[in-house]
Amino acid sequence: MEIEVNEPQALIKFRSLFIYLRKIGDDIIIVVDQNSISFRALNSTRSALPKIIFRDSFFRIFKYITDEENIVLQIPASSLILTYKNVTSPLSFTLKVDEGSLQTLRVIFRDKYSIFHKWEFSSCSTTLLNAVFDLDDTVAQVKCRFDVFEGISEAFKKINSIFLNINKKDKIESINFMTSDKKFKETNGGLNSTLTIHKSERCETILADNINEIQISFSLQDFITGIKISKLFSQYFTMHILGPGQPIILKASSTNIVSFEMPLATTADHDLEEIINSNYPQKIENSYDHQLLDSDSSVSQVSAWHLTIPSCLTENSQNISDDTNKIDDMKTEYDANRKFEWMNAMNSQNTQVFENSPQFPRRRNHKGIGEIIQASQPASDNEINSDY
């Protein structure tokens with residue numbers, strides 16, 4: 001087997017692909033057959049399995065000479081990434097497997113000085129895994145341009161799992177990414193951030209006729225990695241939602257030459273409370289609505305962070321005697337102490353919101369005791385230039 005690519009953009013895409021797959025799993029599984037080569041990775045919990053297939057027409061050279069149905073190799077992702085780091089201005093990238101040694105991968109780079117850089121990697125013992133799903137069971141489909149999600153990693157910084165809610169009853173069709181379950185938010189309060197993306201030419205949603213609302217939860221970091229991979233090959237990607245407890249399928253393709261598919265496990269209803277508790281061990285109320293921006297907009301449209309009086313203040317206030325029969329000087333001292341305690345509690349609340357809120361928006365200011373912490377505009381330079 002021998003494949004070679006020499007297009008500069010293709011060389012960059014392969015390097016980025018190896019880096020993104022490394023975020024999913026430690027090893028990259030390479031599968032070669034008569035007409036294609038695929039790269040995939042599996043995370044430790046077996047909840048994400050991205051697979052990228054390159055057809056033979058993508059390569060300058062594609063040779064498959066063996067009686068085997070396919071060749072399966074498992075190579076550490078860090079090793080493949082390292083090969084790129086040791087080459088200056090590569091002009092071609094070649095993968096070879098000799099007929100007599102099907103478990104050894106040879107990687108060859110040719111740089112601008114016509115120097116060849118060669119590595120050999122022995123394959124780990126591997127089992128080829130495939131996710132089992134039926135797209136005919138899709139109950140909701142979301143098609144978005146990848147730039148819709150710019151800044152999502154900053155908006156939900158340090159969040160492990162995210163909730164996706166789609167409601168057909170909304171007057172303005174939209175999809176909502178939330179840090180806690182909608183029902184849990186309504187009954188328990190607590191800190192909650194919501195990213196709302198309204199229907200437009202950059203994002204469309206389709207719900208089955210018998211479905212009015214659907215909500216699922218999945219790993220945020222794996223989802224972001226899937227977006228980054230799809231961005232390498234297409235402007236749009238599609239999410240096929242099968243329902244809670246069933247995988248969500250991310251798909252993208254480029255003129256039938258490259259195709260991307262990533263099943264991502266979702267959480268069943270009985271696991272939602274555990275996810276919420278892992279995201280936010282403390283309950284602080286907050287919400288913001290990031291609407292879809294026009295392509296020429298550089299202003300961060302983020303609402304204020306609203307403060308509510310913490311429960312600890314109410315509890316402490318109950319411990320303060322409210323005996324109106326006290327003489328005037330004692331009442332004056334009592335009122336002063338109560339005001340001082342209230343101010344301390346609000347300052348503590350402000351500090352707690354700052355410590356637990358995500359880093360997006362990047363600049364916020366105190367508006368006053370008992371009021372709000374206001375998002376600043378326009379967006380910071382880092383926010384504008386950030387991919388995600």
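In the predicted model, K51 is found in strand β4, which spans residues 51-55. Beyond its neighbours within four places in sequence, K51 is in contact with S38, F39, R40, N130, S259, F260 and E261.

The side chain of E261 instead meets that of K251 in a salt bridge, with an N to O distance of 3.1 Å. Since E261 lies in strand β18 (residues 258-264) and K251 in strand β17 (residues 248-254), this pair ties together parts that are 10 residues apart in sequence. K251 is partly exposed, at 25% relative accessibility.

The count of salt bridges comes to six. Among the other pairs, D26 and R22 have their closest N and O atoms 3.2 Å apart, D26 being exposed with a relative accessible area of 53% and R22 partly exposed at 35%. For D98 and R106 the corresponding separation is 3.4 Å, whereas R145, D147 and R202 are linked in a network of salt bridges.

Elsewhere, four strands form an open antiparallel sheet in the order β13-β12-β11-β15. Strands β13 (194-198) and β15 (213-219) stand at the edges with a single partner strand each, so that one side of each is left without a neighbour in the sheet; the twist averages 20° from one strand to the next. Strands β11 (residues 161-167) and β12 (residues 174-178) are joined by four bridges, with M178 of β12 as the bridge partner of F163. Helix α5 (residues 220-231) lies across β11, β12 and β15, running at about 90° to β15.

Technical notes. Residues numbered from 1 in each chain as written. Predicted model: local features only at pLDDT ≥ 70, side-chain atom pairs only at ≥ 80, totals over all residues. Heavy atoms only, no water. Helix = DSSP H or I, 4+ residues; strand = E, 2+ residues; numbered from the N terminus. Contact = heavy atoms within 4.5 Å. Pairing = 2+ DSSP bridges. Axes fitted to C-alpha atoms, helices over the stretch in contact; angles between N-to-C directions. Salt bridge = Lys/Arg side-chain N within 4 Å of Asp/Glu carboxyl O. Buried < 20%, exposed > 50% of the residue type's maximum accessible area, 1.4 Å probe, protein only.
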